[in-house]
Amino acid sequence: MNNIKILWVDDEIDLLKPHILFLEKKNYEITTCLSGTEALEEIKNTNFDIVFLDENMPGITGIETLAEIKEMNHSLPVVMITKSEEEYIMEEAIGSKIADYLIKPVNPNQILLSLKKNLDHNRLVSEKTTSNYQQEFRKIAMDLSMVNSWEEWSELYQKLIYWELELENIEDSSMFEILETQKIEANHEFCKFIDKNYNSWFEDENNPIMSHTLFKDLIAPEISKEKPTLLVVVDNLRYDQWKAFEPAVSNYYKKNRETPFYSILPTATQYARNAIFSGLMPSEMEKLHPNYWKNDTDEGGKNLYENEFLQAQLKRLGLNISSKYYKVSNLNFGKKLADNFKSNKSNDLTVIVYNFVDMISHAKTDMEVIKELASTDKAYRSLTKSWFENSPLYDIIQQASDLGFKLIITTDHGTINVKNPSKVIGDKNTSLNLRYKTGKSLTYNEKEVLVAKNPKSVHLPTINMSSSFIFAKSDMFFAYPNNYNHYVSYYKNTYQHGGVSLEEMIIPFVVLDPK
């Protein structure tokens, strides 16, 4: 607390001598002055940590002095002290971004509390958060050794995300590093769990909501003719990224329910998103809709028929509703949709697929921009938040609230920051994705992958009789032996999807009502 410099501005400063002595005993350094003009001179010459400012002074008023201080140093905290409880004075002071507001007569402990709140806030929060996580650490470690159901994995992952968001801004980086280690261990155990249980989810009644059952089980029950529903499917949206921009959404919507669900494997757009809109697993799509489904080795776009899949599912579910589908894959179309969004008021269901990763990077294959702007999960969350708050999607959500739409936000799969290469060998027809491969005669390290030797067992199509699927575990990514070092350095520390990890598989589904 040494060397904290306080400027106290009051035309009756002599009456405050006891308060000043009290603070000086606690090692605060106090400079006093009698007017706003004097205060501005002092601030020019001295780097103060905080200002206590009397609102009612002769000459320039406290409010006028406050405005001048903020022009000189916008980040300098100012605590306004006043005899008046008139609302307009409070509103004007708060509108000018004061740090605190105290009514005379003030006692020394009020002043001390205000100092702690404004100057020690980060340290106090940091210490409390660190202490709480230290207590929670042991519980998470115990849970990791015992967790044995998809429900428990979903809860544990949400808990890890909660602590990641709590710890990311504290000063003690060692706690964050410990959490990162726990996340790595959690992913390692989660991959074992998926390896052991994934196949049974298609037979067992106690299975999680997955991509192909999401619409029937969670979305369809929310649709009604009484109120229009806006379904937003944001491509590549991880659970922590949703949490990053949730506060912005909550300006216009209140959360009704939040239910994380599981992406199917591969956690890739053509599989997972088509499964959401069709209500079918990929092998069923190939069988029932051969004109819409394309395998990895087929030419052409793999997600061109989402609306056709959706209409077929609505018909199959007996939902006689009016619906409209939009896919936003560039900024201009997003703006155009925002400009004309009101025209969707008469739809029972409006679906918007938003390809936000493409929006940011403009480079679908190499994601170089993402790599530069978001080399860590914290940076990626920050980038997501900034993108969302400045996107046409945010404008659309604000309009939807005004128009009385129910809002559903979800995604097809998440992504993971890949760090460790895994060598794989395949023929020229092997799929190109970095987190999963399908083809015949694949050679790989069995410890680093989850294998589906018989794709039909996990409801995936077989390109030929001997085709299999392999999925990268945790933060691995597949690399071919030829040109290996260049390939590894190019893709290391990029965000990829298609494999098995908490980040890719446990993803958000949120229902919100307009405020």
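1. Glu 308 has a relative accessibility of 31% and counts as partly exposed (buried is under 20% relative accessible area, exposed over 50%, partly exposed in between, with a 1.4 Å probe and protein chains only). Glu 308 sits in helix α13 (helices, H or I of at least four residues, and strands, E of at least two, are DSSP runs numbered from the N terminus). Between the C-alpha atoms of Glu 308 and Phe 277 the distance is 8.5 Å, for a sequence separation of 31 residues.

2. On the basis of the note: this is a predicted model, in which local features need pLDDT of at least 70 and side-chain atom pairs count only at pLDDT 80 or more, while totals for chains, interfaces and linings use all residues. Residues are numbered from 1 along each chain as its sequence is written, and side-chain values use heavy atoms, with hydrogens and water left out.

3. Helix α11 (residues 269–278) and helix α13 (residues 306–316) have axes that come within 7 Å and cross at roughly 35° (axes are lines fitted to C-alpha atoms, for helices over the stretch in contact, and angles run from 0 to 180 degrees between N-to-C directions). From α11 the contact takes Arg 273, Asn 274, Ile 276, Phe 277 and Ser 278; from α13 it takes Glu 306, Phe 309, Leu 310, Gln 313 and Arg 316 (contact means heavy atoms within 4.5 Å). By class, the residues of this α11–α13 contact are 4 nonpolar, 3 polar and 3 charged (Ala, Val, Leu, Ile, Met, Phe, Trp, Tyr, Cys and Pro are nonpolar; Asp, Glu, Lys and Arg charged; the others, Gly among them, polar).

4. The largest nonpolar core has 71 residues, and the members that touch the most others are Trp 153, Phe 190, Ile 194 and Tyr 198 (such a core is a set of buried Ala, Val, Leu, Ile, Met, Phe, Trp, Tyr and Cys residues joined through side-chain atoms within 4.5 Å). Beyond its neighbours within four places in sequence, Tyr 198 contacts Phe 193, Met 210, Ile 264, Leu 265, Met 281, Val 458 and Met 505. Another core, of 30 residues, lies apart from the largest one; Trp 242, Ala 248, Val 249 and Ile 397 are among its members.

5. Helix α10 (residues 239–249) is largely enclosed by the rest of the structure, because 9 of its 11 residues are buried. The buried set holds Tyr 239, Asp 240, Gln 241, Trp 242, Ala 244, Phe 245, Glu 246, Ala 248 and Val 249.

6. An open sheet of 5 strands runs in the order β2-β1-β3-β4-β5 with parallel pairing (two strands pair if DSSP finds at least two bridges between them). At its edges are β2 (29–33) and β5 (100–103), each pairing on one side only. From one strand to the next the twist averages 20°. Strand β1 (residues 5–9) runs parallel to β2 and is joined to β2 by 5 bridges, with Lys 5 opposite Glu 29. Helix α2 (residues 36–45) packs on this sheet and touches β1, β2 and β3 (50–54), its direction making about 160° with that of β1.

7. Strand β18 pairs with β13 (residues 420–425) in the parallel sense over 4 bridges, and Lys 423 has Ala 479 of β18 as its bridge partner. Which residues cover the two faces of β18? Met 476 and Phe 478 lie on one side, Phe 477 and Ala 479 on the other, and all are buried.

8. Two cis peptide bonds deserve a check. The bond from Lys 104 to Pro 105 is cis, with omega near -5°, and Pro 105 lies in the loop between β5 and α5 (108–119). Leu 265 and Pro 266 are also joined by a cis bond, with omega about -5°; Pro 266 is in the loop between β8 (261–262) and α11.

9. Positive phi angles occur at two asparagines. Asn 483, not a glycine, has a phi of about 60°; Asn 483 lies in the loop between β18 (476–479) and α19 (484–491) and is exposed at 56% relative accessibility. Asn 493 has a phi of about 70°, belongs to the loop between α19 and β19 (495–496), and is partly exposed at 25% relative accessibility.

10. On cysteines, a search of the whole structure finds 0 disulfides (a disulfide is a pair of cysteine sulfur atoms within 2.5 Å). Cys 33 is buried, at 2% relative accessible area, and Cys 191 is buried at 2%.
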